[in-house]
Amino acid sequence: MKRSKTILAACLLMSTLIAQAQIHKMERRDTVDHSYNLNPVVVTGSGHHQRLKATATPVHVLSAQEISEQGITTFADVLTRMMPQVSMAPSSMGSFLRMNGLGNKYVLILVNGQKLIGDISNNVDLSRINMARVKRIEVLDGAASSLYGSDAIAGVINIITNQPTNSLCNVTSTTTVSGDQQLTQTATVDIYKNGLGSYTSLTHDQADSYRNNPLELVNGSDTETQQSIAPLFTGYLADVLAQKFTYSPSQHLAMNVGLDYSRKMTDRPETHPELSGGTDYEMRYKGLRLTSGFIYKFDAKNSLQVDYTIDRYRYGKEYDVATSSYAVGDYVQSKKQRSIERQVKAILAIVPQGTTIVGNDWQLDKLVATSGNINQEAYTLAYYAQHEQHVSLGRQTTLSATLGLRYNYHKTFGNRLTPKATLMLSRGALNLRATYSAGFRAPGLDELYYHYFSVNRGKPQISFGNQGLKPEKSNYLSLNAEYRSTTLAASLTGFLNNISDMVVKQNIDVDDDSRAMLVAQFPEMTAEQAGKLVSYARYQNSDKGSVKGLQFNLSVNILRGFNLSANYAYTYARSKSAGESDEWQPLERSIRHTATVAANYHRSWSHYALNVNLSGRLQSKTYYTGSYEDAPGFGVWSLHTIHTIPLHRLSLEPSLGVDNIFDRVDRRIDTATRRYALYSPGRMLVAGLKISLK
């Protein structure tokens, strides 16, 4: 902590002194040359590169520039501070992500169009994402299975990475520090010459555990409290090392091969004899991802792309407290995953004003779960085709239609067809869109084969998979109106997403017969533990869900150098279970009203540039099901400034900011039925320094 405070103070002092010195050197005539690109190139919505205004499926774009201006260093913060339809709940088992009312398992996360694995209790390990390389993040709402296959029911998040080719050598180093010993350090080295590129990056991220109220209610009491050290936010240390090589021998051919290594370790309070909430072990995660591929461009409109990915991920417990069974440093593996994926895609201009995409995907998934007694694998084979046609109706009016269909064969579930249809009418700066798409999600290997027994704080826990599960299915419909010019982008979207055969864990009461069955299934369970069994869990196709929503997005370059953006999401997410009452219940962790706001001002002089960004997230209460109480809503605002000083080939960018300006903190006392939505420790100073050498 002392080290972080020292770095913070040094950065604050450096930034202040440099800013004052440079302001005195400014020329009388200043210039403003900074504005947002409101019509960037995107790829996620249609499967091929086109301007955002021209894509028939609405896509949200978060640029590296906007992310930097808000002083954001982690992927989870990017989504929650810039996307109102996304929320996060951090834990030792990864960030619990929700998008458009649906949980993490319904959100497909891609890196350059290729699936990222790292499943921790149905939560993808977001620390594997290399923020040092993010060029932009494209977010596609709703079912997108015609192009992307399983898991894309709530939406797709596609991280597009950056490989610059405009300089021989570029080196950058970025350091950001803030309270609770939060530190992010990134370094990149980019080399490009004669078509050959080498891109190296290293990211280190760390944060301390914390809780906002040291008290918790004693189990079973409504008034008696005790001290607890169980963290509200789980600390961690995470590293990502990435190396990518590219080679373009001609304007027609581009090849690439890359390797990403990631590791993460939680940093939680150790078991304490007089305080509850400590742990005997830390969770340790490791990932290794190999990518390779090429794209051959026959001409500007016809190309062939092939990608191959091998992704390995594992996690387990590393003991830092000696127990009766384990010594300090012992490692017990919980899960090991492997995914092999091959993608072949052709983008063709077969007819005038039309784009046809045909492709083939093959994916093999393997899971070894010691804690769940699983050693299984499954493969998926898919073929898809999509055609997008533009028809000119004269007087700056264009009608665009897209039809797509994907055929999937899954080892366990057999055949599945998922169609997609879009229609867009464009007149000048105005677009009107209608989209229908079907989605599906094949149950995971854990949901199919789990055979899990553990003891948590003296209580036995048992979960069973179900090989009779059916795939989850969805039907998504959206209507969108958008106005997009060089200075203003505004859109309004309404959508409906209905999901059937949702896979959930159902608790089954234990009687004498089932208790005998469970003892036979798990001979390691003692008689005392068996006597404490009240229920066990089994995966079932039980629920059906309905998500209705409305989204409003606005971005405007008010003046040269001043941009304002505002995003609002209304999400009415519900589910009901078969065999129970016909009443709909709010989906777990869903939020009805959420908004994000950002105002950015940029001004540059001859030897100095200033960027000031004010941003906020406001949301209503978070719904929790069962006996859990809802979490109250909140509004959190942050201020961030960047000071840019160019020095020939060297550029310095000190930054200063304040997170959570008004010190909003949820300090409620912990109870067995209490859950949280605001995880901030309160107001924090943030300081950073970016050094670039070209």
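Mentor: Helices (H or I, at least four residues) and strands (E, at least two) are DSSP runs, numbered from the N terminus. This is a predicted model, in which local features need pLDDT of at least 70 and side-chain atom pairs count only at pLDDT 80 or more, while totals for chains, interfaces and linings use all residues. Residues are numbered from 1 along each chain as its sequence is written, and side-chain values use heavy atoms, with hydrogens and water left out.

Trainee: Is aspartate 509 buried or exposed?

Mentor: Aspartate 509 belongs to strand E31, which covers residues 488–509. A residue is called buried under 20% relative accessible area, exposed over 50% and partly exposed in between, with a 1.4 Å probe and protein chains only. Because the relative accessibility of aspartate 509 is 63%, this residue counts as exposed.

Trainee: Which residues form the negative surface patch?

Mentor: Patches are made of residues with over 30% relative accessible area and no salt bridge, where like charges are joined within 9 Å and nonpolar side chains (Val, Leu, Ile, Met, Phe, Trp, Tyr) within 5 Å; a salt bridge is a side-chain nitrogen of Lys or Arg within 4 Å of a carboxyl oxygen of Asp or Glu. Asp and Glu count as negative and Lys and Arg as positive, with His and the chain ends not counted, and the place of a charge is taken as NZ of Lys, CZ of Arg, CG of Asp or CD of Glu. The negative patch is made up of Asp509, Asp511, Asp512 and Asp513.

Trainee: What accessible area does the nonpolar patch have together?

Mentor: Strand E14 (182–193) and strand E39 (684–693) each give the nonpolar patch at least two residues, and valine 189 of strand E14 is partly exposed because its relative accessibility is 33%. Accessible areas come from the Shrake-Rupley method with a 1.4 Å probe, and for residues only the protein chains shown count as cover. Val171, Val189, Ile191, Leu647, Leu650, Ile691 and Leu693 together have about 480 Å².

Trainee: What separation do the C-alpha atoms of tyrosine 476 and leucine 496 have?

Mentor: Tyrosine 476 lies in strand E30 (residues 472–484) and is buried, because its relative accessible area is 6%. Contact means heavy atoms within 4.5 Å, and tyrosine 476, leaving aside neighbours within four places in sequence, has contacts including Leu496 and Asp141. Although tyrosine 476 and leucine 496 are 20 residues apart along the chain, their C-alpha atoms are separated by 5.8 Å.

Trainee: In which strand does aspartate 141 lie?

Mentor: Aspartate 141 counts as buried because its relative accessibility is 11%. Apart from neighbours within four places in sequence, its contacts include His60 and Tyr476. The strand that holds aspartate 141 covers residues 134–141 and is E11.

Trainee: Why is helix H3 largely enclosed by the rest of the structure?

Mentor: Helix H3 spans residues 75–82, and Phe75, Ala76, Val78, Leu79, Thr80, Arg81 and Met82 are buried there. The helix is largely enclosed because the count of buried residues is 7 of the 8.

Trainee: What is the phi of histidine 648?

Mentor: Histidine 648 sits in the loop between strand E37 (634–647) and strand E38 (650–659), and counts as exposed because its relative accessibility is 81%. Although histidine 648 is not a glycine, its phi is positive, at about 60 degrees.
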